[in-house]
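Thanks for coming. Please have a look at it first.

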Amino acid sequence: MRTRPAARAGRAAQYTALIGYLVFLAFPFLWLLSVAFKPARELGSLHPTWIPKHPTLANFRQAFDEQPLLHAASNSLLAAVSAAVIAVALATPMAYVMARQRTRLARAASGWVVVSQAFPFVLVIIPLFLVLKNLRLIDSVPGLVMVYVVWALPFALWMLVGYVRAVPVELEEAAAIDGAGRLRTLVSVTAPLLAPGIVATALFAFITAWNEFFFALVLLKTPEKQTLPVVLTHFIGTEGVADLGPLAAAAFLATLPSLVVFAIVQRRITGGMLAGAVKS
């Protein structure tokens, strides 16, 4: 009987912390949405409100008139999709070997993957720039895709190794008894069970590449090849004064693809995980 008040207090504290965390995450997006639909007069008001008093689409029209948002979005989409597909295609067999081969080399590779996540952007941009310069891929979308793949590969490996280890080894042993080789086992037995993990990894790789700014800013100089995050900086003047309304409208549109992709895929990820749990 004495534990019930403590349990209720603990549960109330958990819900309070969860609500606070959700508010913290939602605040930037809600503020962005509010500013995107406000006219210029309300943006300069000394008493701002969350809900626009006179909502307008003028900021969206101005954003599309001033900057090539659709072309930049197509560049971002091409780079993000290509990087996600290539990173997952490379990481899946590598993760399988690292998870199943318990050798010193595999453990060293796993440790290197974890350590590489701590490398800052500034540390790797100069070597990557020199490599791309020798390959004549500076100021090109394929060169940017190569950088995104290199940057996403350690995280994709780290995620997929955990998913591979969760697949029962007995299923692969049964396939080996039936005469299947390593490649056939990976393609026909392990890969279908890894589908939720592969989708989740590809989703994170896509969102990371879609939102990435630093590499695109350094490597892409031609305006026609720049990605959406770089084009968003054009709404900021030379003196650091931002054209707040069009900037908020463009930034709001830039966040929608990530939200839509996650909304479409998250049910399949959850359903696949539950199905895999039932099968195991």
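Helix 7 and helix 10 have axes that come within 10 Å and cross at roughly 155 degrees. Keep in mind that this is a predicted model. Two packed helices are described by the angle between their axes and by the distance between those axes. What does the angle tell us about this pair? An angle over 145 degrees counts as roughly antiparallel, and helix 7 and helix 10 are therefore roughly antiparallel to each other. As for handedness, helix 7 passes helix 10 in a right-handed crossing.

Now the second pair. Helix 8, residues 169-177, and helix 9, residues 182-193, also have axes that come within 10 Å, and these cross at roughly 140 degrees. That makes helix 8 oblique to helix 9. The crossing of helix 8 past helix 9 is right-handed.

Next, the empty space. Rolling a probe the size of a water molecule over the atoms shows where such space is left. How many cavities of 30 Å³ or more does the structure hold? The count is one. The volume of the largest cavity is about 60 Å³. Its lining consists of A83, Y148, W151, A152, A205, T208, A209, E212 and F215. Helix 7 (141-166) and helix 10 (195-211) are the elements that give two or more residues to that lining, and they are the pair whose axes cross at roughly 155 degrees.

Last, the annotation. An unreviewed UniProt entry lists "transmembrane region" for residues 12-33, 77-99, 111-132, 144-164, 185-210 and 247-265. I checked two of these spans in the model. Residues 185-210 are 96% helix and 0% strand, with the end C-alpha atoms 33 Å apart. Residues 247-265 are 100% helix and 0% strand, and there the end C-alpha atoms lie 28 Å apart.

That is my part done.

Methods
Residues numbered from 1 in each chain as written. Predicted model: local features only at pLDDT ≥ 70, side-chain atom pairs only at ≥ 80, totals over all residues. Heavy atoms only, no water. UniProt positions renumbered as here; feature names shortened; annotations may be inferred. Helix = DSSP H or I, 4+ residues; strand = E, 2+ residues; numbered from the N terminus. 1 Å grid on protein atoms, 1.4 Å probe; cavity = no way out; pocket = protein on both sides within 12 Å on 5 of 7 lines; lining within 4 Å. Points joined across faces, edges and corners; volume = space filled by probe spheres on them. Axes fitted to C-alpha atoms, helices over the stretch in contact; angles between N-to-C directions. Parallel < 35°, antiparallel > 145°, perpendicular 65-115°, else oblique. Left-handed = near helix turned anticlockwise from the far one by under 90°.
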